[in-house]
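Open the model in your viewer and keep the sequence panel beside it. The stops below can be taken in order.

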Amino acid sequence: MSDEIVLRDYRTSDLDAMFRLDQDCFSVEFRFDSESIRVYAEEQGAVVCVAEKAGAEIIGFVIVHVERVAKEWRGYVVTLDVAEQHRGQGIARRLMEQAEFRAAAAGARWMELHVFTGNESAIRFYEGTGYKRVATRRRFYGEAGLDAFVYRKGLSSL
């Protein structure tokens, strides 16, 4: 079996594996239920990239929505998940680069995302890939009432 990691488009048959991965990646305050993942992944304008070991299990994915904000388009990162045992291998960076490229191709002028203020590894990752903190959203994460930083990155025109 090859250890090569391939990026590919989302398939409806990926849903169960994506749900399990999301459950493994995040604590309960930040997890999505299966139906939410399906709705986010299948929404019109969604950019979904899946990372898998060639022909094997899904080890990461990103969901981005390209949506109109005021008079321009943005890409909004709904979630980025990478299996813990595959972190530090550049998979998240590859997923984000592909999502940014595809969002720009769809007309997005910038990417935006929220990060829990206590998630230091995610903060380092996003800042290391060119995202800038632009705001803080109080009580962003639902019932837990946890705060989030808002990050933004401009996308180059193709």
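What follows is a tour from the whole fold down to single side chains.

**Before you start**

This is a predicted model, in which local features need pLDDT of at least 70 and side-chain atom pairs count only at pLDDT 80 or more, while totals for chains, interfaces and linings use all residues. Residues are numbered from 1 along each chain as its sequence is written, and side-chain values use heavy atoms, with hydrogens and water left out.

**Stop 1: the whole chain**

Show everything as a cartoon. The protein has four helices and seven strands; these are DSSP runs numbered from the N terminus, with helices being H or I of at least four residues and strands E of at least two. Along the sequence they come in the pattern β-α-α-β-β-β-α-β-α-β-β.

Now switch to C-alpha atoms. Along the principal axes, they fill a box of roughly 45 × 40 × 30 Å. The radius of gyration is 15 Å, which agrees with the value near 15 Å for a compact globule of 158 residues. That radius is taken over C-alpha atoms, and the globule rule is 2.2 Å times the number of residues to the power 0.38.

Of the 158 residues, 44% are buried. Buried means under 20% relative accessible area, exposed means over 50%, and partly exposed is in between (1.4 Å probe, protein chains only). Among contacts with a separation of 6 or more, 58% are between residues 24 or more positions apart; a contact is heavy atoms within 4.5 Å.

**Stop 2: the loop at Ser13**

Select Ser13, in the loop between β1 (5–9) and α1 (15–25). Is Ser13 buried or exposed? Its relative accessibility is 61%, so Ser13 counts as exposed.

Next, select Asp14 and Arg8. Their side chains meet in a salt bridge, 2.8 Å from N to O, and both residues are buried. A salt bridge here is a side-chain nitrogen of Lys or Arg within 4 Å of a carboxyl oxygen of Asp or Glu. By this rule there are twelve salt bridges.

**Stop 3: the salt-bridge network**

Select Glu67, Arg74, Glu112 and Arg152, which are linked in a network of salt bridges. Side chains of opposite charge can pair when their charged atoms come close.

Zoom in on Arg74. With Glu112, the closest N and O atoms are 2.4 Å apart. This pair links distant parts of the chain, with Glu112 in strand β5 (residues 108–116) and Arg74 in strand β4 (residues 72–82), 38 residues apart. Both Glu112 and Arg74 are buried.

Arg74 also meets Glu67 in a salt bridge, at 2.6 Å from N to O. Glu67 has 23% relative accessibility and therefore counts as partly exposed, whereas Arg74 is buried at 15%.

**Stop 4: helix α4**

Select residues 120–128, helix α4, and colour Ala122, Ile123, Phe125 and Tyr126, which are buried. Looking down the axis of α4, the buried residues fall within an arc of 165°, so they line one face of the helix. The arc is that of the directions from the helix axis to the C-beta atoms. An α-helix has 3.6 residues a turn, so residues three or four places apart point the same way.

Which elements cover the buried residues of α4? They include β4, α3 (91–105), β5, β6 (132–141) and β7 (146–154). On the face turned away from the buried side are the exposed residues Glu120 and Arg124. After α4 comes Gly130, with a positive phi near 100°.

**Stop 5: the aromatic rings**

Show the rings. The whole structure has six aromatic pairs. Rings of Phe, Tyr and Trp (its six-membered ring) pair if their centres lie within 6.5 Å; planes under 30 degrees apart count as stacked, over 60 as edge-to-face and the rest as tilted.

Tyr126 and Tyr131 are an edge-to-face pair, 5.6 Å centre to centre with 80° between the planes. Both Tyr126 and Tyr131 are buried.

Phe140 and Tyr141 are also edge-to-face, 4.9 Å centre to centre with 90° between the planes. Phe140 is partly exposed at 34% relative accessibility, while Tyr141 is buried at 16%.

Finish at Phe149, where Arg133 lies over the ring face, 3.6 Å from the ring centre. A charge sits over a ring if NZ of Lys or CZ of Arg is within 6 Å of the ring centre and within 35 degrees of the ring normal.
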